[in-house]
Amino acid sequence: RTLMALLPRPRGEHAERVVNVHGDSRYNTVVQMPDGESVLIDFKKYCVSSAVQDLREFAGLEMTEAYLQAVTGVKPSEELLYALHLEALIASEISCWLRDVIWFGKLEKMEEIIARAPAFAAFCEELRGDHARTKAALDSENWCPGV
């Protein structure tokens with residue numbers, strides 16, 4: 001509970017949307033059909049969650065833009081695109097932190113994650129409030145250095 005209270009939650013209309021999530025949307029779980037349609041396979045991690053949970057698997061601007069265009073019917077603004085992409089990267093970072101603890105049973109890492117969480121949350125808040133800084137960070141090779 002302590003950790004969950006410290007970690008940033010998805011923010012924004014499209015990141016927060018509660019949807020059916022595949023849960024393992026990777027390139028090897030998407031099959032291209034002969035008619036050109038893409039379909040998902042392998043539904044063992046299927047659940048209801050925030051939309052950003054599937055976007056975090058791809059965590060790329062191109063996929064985020066395609067998602068937004070499919071949801072809204074229009075090409076997204078740069079600001080909306082980067083805001084949702086940031087949310088996907090935040091979710092991806094948190095997922096990586098928790099993977100060691102939950103999937104691999106490395107409970108000793110929990111205290112380290114709890115110690116890092118406030119600085120990470122503060123950094124995320126700073127980026128969320130500054131589009132130019134978000135764009136610069138996400139266009140760099142390491143969007144959250146030292147956090």
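Predicted model: local features only at pLDDT ≥ 70, side-chain atom pairs only at ≥ 80, totals over all residues.
The chain has 147 residues, of which 37% count as buried. It contains 7 helices and 4 strands. Read from the N terminus, the order of elements is α-α-β-β-β-β-α-α-α-α-α. Take the contacts between residues at least 6 apart in sequence: 65% of them join residues at least 24 apart.

Helix α7 covers residues 131-139. Which residues of α7 are buried? They are T134, A137 and L138. Viewed down the axis of α7, the buried residues fall within an arc of 90°, so they line one face of the helix.

On the α6 side the contact involves F123, E126, L127 and R128, and on the α7 side H131, R133, T134 and A137. By type, the residues of this contact divide into 3 nonpolar, 2 polar and 3 charged.

The next topic is the aromatic residues. Such pairs are described by the distance of the ring centres and the angle of the planes. How many aromatic pairs does a search of the whole structure find? The search finds 3. One of the aromatic pairs is formed by W97 and F120, with 4.9 Å from centre to centre and 55° between the planes, and it is tilted. W97 belongs to helix α5 and F120 to helix α6, so the pair ties together parts that are 23 residues apart in sequence. Both W97 and F120 are buried.

F123 and W143 make another tilted pair, because their ring centres are 6.2 Å apart and their planes stand at 35°. Here F123 lies in helix α6 and W143 in the segment after α7, so this pair ties together parts that are 20 residues apart in sequence. F123 has a relative accessible area of 12% and is therefore buried. W143, with a relative accessible area of 11%, is buried too. W97, F120, F123 and W143 together form one aromatic cluster.

The last stop is T64, which is placed in helix α4, residues 61-72. Is T64 buried or exposed? Its relative accessibility is 1%, so T64 counts as buried. A polar atom of the T64 side chain lies 2.9 Å from the backbone oxygen of G60. Leaving aside residues up to four places away in sequence, T64 touches L55, L81, L84 and H85.

Note on methods. Residues numbered from 1 in each chain as written. Heavy atoms only, no water. Buried < 20%, exposed > 50% of the residue type's maximum accessible area, 1.4 Å probe, protein only. Helix = DSSP H or I, 4+ residues; strand = E, 2+ residues; numbered from the N terminus. Arc of directions from axis to C-beta. Phe/Tyr/Trp six-rings, centres within 6.5 Å; stacked < 30°, edge-to-face > 60°. Contact = heavy atoms within 4.5 Å. Nonpolar A, V, L, I, M, F, W, Y, C, P; charged D, E, K, R; others polar. Polar contact = N/O pair within 3.5 Å; in protein donor to acceptor, adjacent residues only side chain to side chain.
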